[in-house]
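Here is a short briefing for a first look at this structure. Please keep the sequence and the 3D view at hand while reading.

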Amino acid sequence: MIEKLYRSPIAYIVLGGMLISAFLFYSMLKFADEGNAVMVILIGISIGIVAIFITKAVAYQKHGGLIPK
């Protein structure tokens, strides 16, 4: 399933990642206003995971389907 996502057009991957990241940033700021440090840290980690996924997907397409390591 991951390879199917990796093969979708880069524009869709980047746009989807931007939408997910924007929602996560909004949620992170909302939890920061409430003073919930644990959720802020967890959402920050989630944003990093989304960024890694986008980077790997773009690298996968750039290198012609080779799995990046």
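The model is predicted. Its chain has three helices and zero strands. Along the sequence, the order reads α-α-α.

**Overall fold**
- The chain holds 69 residues, and 19% of them count as buried.
- Take the contacts in the chain with a separation of 6 or more: 56% of these link residues 24 or more positions apart.

**Nonpolar core**
- The largest nonpolar core has eight residues: I13, L24, M28, I43, I47, V50, I54 and A57.
- Helices α2 (10-34) and α3 (37-62) each supply at least two residues of this core.
- The most comes from α3, which gives five residues.
- M28 is one of the core residues. Beyond its neighbours within four places in sequence, M28 is in contact with V40, I43, G44 and I47.
- Of these contact partners, I43 and I47 also belong to the core.

**Surface**
- The accessible surface of the chain is about 5,200 Å². Carbon and sulfur atoms account for 74% of that surface.
- V38, I41, L42, I45 and I49 form a nonpolar surface patch of about 500 Å².
- I49, a member of this patch, lies in helix α3.
- Is I49 buried or exposed? I49 has a relative accessible area of 54%. The cut-off for exposed is over 50%, so I49 counts as exposed.

Technical notes:
Residues are numbered from 1 along each chain as its sequence is written. This is a predicted model: local features need pLDDT of at least 70, side-chain atom pairs count only at pLDDT 80 or more; totals for chains, interfaces and linings use all residues. Side-chain values use heavy atoms; hydrogens and water are left out. A nonpolar core is a set of buried Ala, Val, Leu, Ile, Met, Phe, Trp, Tyr and Cys residues joined through side-chain atoms within 4.5 Å. Buried means under 20% relative accessible area, exposed over 50%, partly exposed in between (1.4 Å probe, protein chains only). Helices (H or I, at least four residues) and strands (E, at least two) are DSSP runs, numbered from the N terminus. Contact means heavy atoms within 4.5 Å. Patches are made of residues with over 30% relative accessible area and no salt bridge: like charges are joined within 9 Å, nonpolar side chains (Val, Leu, Ile, Met, Phe, Trp, Tyr) within 5 Å. Accessible areas come from the Shrake-Rupley method with a 1.4 Å probe; for residues, only the protein chains shown count as cover. A salt bridge is a side-chain nitrogen of Lys or Arg within 4 Å of a carboxyl oxygen of Asp or Glu.
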